[in-house]
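User: I am new to this structure and would like a short walk through it. Could we look at it together?
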Amino acid sequence: MQKVYVLYHIRDMGTADEDSKKIGTYTSYRLAQEAKNRVKDRPGFIDYPDDFYIDEYVIDKDYWADGFKEMQKVYFLYHIRYEDTDDEDVKIVGIYSSAKQAKLAIERVKNKPGFINFPDGFQIIKDVLNRDGWCEGFIK
């Protein structure tokens, strides 16, 4: 079977706002590596030298035959209270199966102590299950 090698540059892999470029398709890994060496110092690539990927593919083979599957989502309902300081008090009110369920939760709790004085403190944040979100750690 004939193989090809595809050179990509993908910034922020795994995030919704990734910047992905397919640089080229080559008949050998060596040629893909040479292409990487030709472009690695160009604008847009030079600042992200570790974001090059070379993938091997077999011609006439299906790679993603299952189609797109809906990723399971959840919705975090946070309440954030800002007082007279720079500090904030963040609470997870709940985690819900839909934005609609999170909004219904707001209606149930908005008049309770602590929430009633900060009615604008509710935030609904969508997340995807089984996917890493913050992998960079803490930068000093």
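This is a predicted model: local features need pLDDT of at least 70, side-chain atom pairs count only at pLDDT 80 or more; totals for chains, interfaces and linings use all residues.

User: Thank you. With that definition, what share of the contacts with a separation of 6 or more comes from residues 24 or more positions apart?
Analyst: Such residue pairs account for 51% of those contacts in the protein.

User: Which secondary structure does the protein have?
Analyst: There are two helices and six strands. Along the sequence, their order is β-β-α-β-β-β-α-β.

User: Turning to burial, how much of the protein counts as buried?
Analyst: Of its 140 residues, 24% count as buried. The protein exposes about 11,200 Å², and carbon and sulfur atoms supply 50% of that area.

User: Which residues make up the largest nonpolar core?
Analyst: That core has nine residues: Tyr75, Leu77, Tyr96, Ala102, Ala105, Ile106, Val109, Phe115 and Phe122. Strand E4 (73-82) and helix H2 (99-109) are the elements that give two or more residues to this core.

User: And which element gives the most?
Analyst: Helix H2 does, with four residues.

User: What about a second core?
Analyst: A separate core of eight residues is also present, and it includes Tyr26, Ala35, Phe45 and Phe52. In soluble globular proteins, nonpolar side chains tend to be buried together.

User: Back to Phe122, please. What does this residue touch, leaving out residues up to four places away in sequence?
Analyst: Phe122 touches Leu77, Tyr78, His79, Val93, Ile106, Val109, Lys110 and Phe115. Among them, Leu77, Ile106, Val109 and Phe115 also belong to the largest nonpolar core.

Terms used:
Residues are numbered from 1 along each chain as its sequence is written. Side-chain values use heavy atoms; hydrogens and water are left out. Buried means under 20% relative accessible area, exposed over 50%, partly exposed in between (1.4 Å probe, protein chains only). Contact means heavy atoms within 4.5 Å. Accessible areas come from the Shrake-Rupley method with a 1.4 Å probe; for residues, only the protein chains shown count as cover. A nonpolar core is a set of buried Ala, Val, Leu, Ile, Met, Phe, Trp, Tyr and Cys residues joined through side-chain atoms within 4.5 Å.
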